[in-house]
Structure formats: C-alpha cells, structure tokens
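The sequence and the structure come first.

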Amino acid sequence: MRLWHRDLIAVLPREQLVAQWRECSAIAGAIQKNGTPNHILVNYVVDNLNSFVAYSYMVRQEMTRRGYRTMENVWTKIVSIVDTNVWKDLTLKEIFEKEHNFRYFLQCYYNLQEKYDRGGIKEEDWKNIENSTGGIEL
C-alpha cells in the first residue's frame, strides 16, 4: 500500500493513478471495518481523515480530468469515514502536510523512476514525472 505524494498525482501514469483510486477505496474499507488500514505505509491516514478524503478527492478529480470513470459508491465509502460536521476544505499544501514532505516526494519519485528503469512506465509518462520536479536537482 502507498499513497503517492500529493504533488505527483497530476503526472502519475494511468496505471498508477487508477491503482491509487483503488488504494483509496481499500484504505477506506479497512478503516470502516477495522478502524485502521493496518499497513505501515498508510497507517498515518487515521490521524488525519480530513486529509485522506481531500487526497482521495484530488485523485478522483484527476481521473475525471483524464476521462476515467470513478464509481460513486467508492466515493461514498471514502467520505463516510469522516464526520461531515467537522469537515474542512484543505489546500493542496495542507493535505498530509507533515507526511507528504520533500523526503517523501523523493521516495515516491525514485519508486516511479525504478518502475521506468524496469520498463513499467513509458518514456512519455516518465518525462511528465521528471518535469514535475520543477527543476529541482535530484
């Protein structure tokens, strides 16, 4: 399980983006059933469900922008884990502000780079990812 860094969502290749939506659904389902996703890479979402829902919404919006369909029942499952009485809109920077830091960006970036190096990501998709670094020397 992994939630890609929020700054990479817009440039994720199709396979990773669609898988991220499924991941959001699985995490929400695990939280509903067990109170936790019970996976070391994503347990932090329980501490900030507002960020998790905002993150999931961002993934859903990117999928919609690209013309991919998302199932309404998955979205309903995701939003059902938060108390809508205390819901707060978040800016991109506020979504998992502590967890999705620069170090985590690098971890995700290099994970995607390894997928590219092994033939799992197309050249064009990798160029989009590289360009997302905003000229940061990696």
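In this predicted model, the buried residues of α3 pack against α1 and α2. Those buried residues are Val-74, Trp-75 and Ile-78. Seen down the axis of α3, they fall within an arc of 100 degrees, so they line one face of the helix.

Helix α2 covers residues 49-65. From its first C-alpha to its last, α2 reaches 24 Å, close to the 24 Å expected at 1.5 Å a residue. Twelve of its 17 residues are buried, so α2 is largely enclosed by the rest of the structure. The buried residues of α2 include Asn-50, Phe-52, Tyr-55, Arg-60 and Glu-62. Part of what covers them is α1 and α3. Just after α2, Gly-67 takes a positive phi of about 90 degrees.

| Helix | Residues | Buried residues, including |
|---|---|---|
| α2 | 49-65 | Ser-51, Val-53, Met-58 and Met-63 |
| α3 | 72-79 | Val-74, Trp-75 and Ile-78 |

In soluble globular proteins, nonpolar side chains tend to be buried together. Here the largest nonpolar core has 39 residues, and those with the most contacts inside it are Leu-3, Phe-52, Tyr-55 and Ile-78. Helices α1, α2, α3, α4 (102-117) and α5 (123-131) each supply at least two residues of this core.

Which residues does Phe-52 touch, not counting those up to four places away in sequence? They are Leu-3, Cys-24, Ile-27, Ala-28, Val-45, Ile-78, Ile-81 and Phe-96. Of these, Ile-78 is one of the buried residues of α3.

Terms used: Residues are numbered from 1 along each chain as its sequence is written. This is a predicted model: local features need pLDDT of at least 70, side-chain atom pairs count only at pLDDT 80 or more; totals for chains, interfaces and linings use all residues. Side-chain values use heavy atoms; hydrogens and water are left out. Helices (H or I, at least four residues) and strands (E, at least two) are DSSP runs, numbered from the N terminus. The expected span of a helix is 1.5 Å times one less than its number of residues. Buried means under 20% relative accessible area, exposed over 50%, partly exposed in between (1.4 Å probe, protein chains only). Contact means heavy atoms within 4.5 Å. A nonpolar core is a set of buried Ala, Val, Leu, Ile, Met, Phe, Trp, Tyr and Cys residues joined through side-chain atoms within 4.5 Å. The arc is that of the directions from the helix axis to the C-beta atoms.
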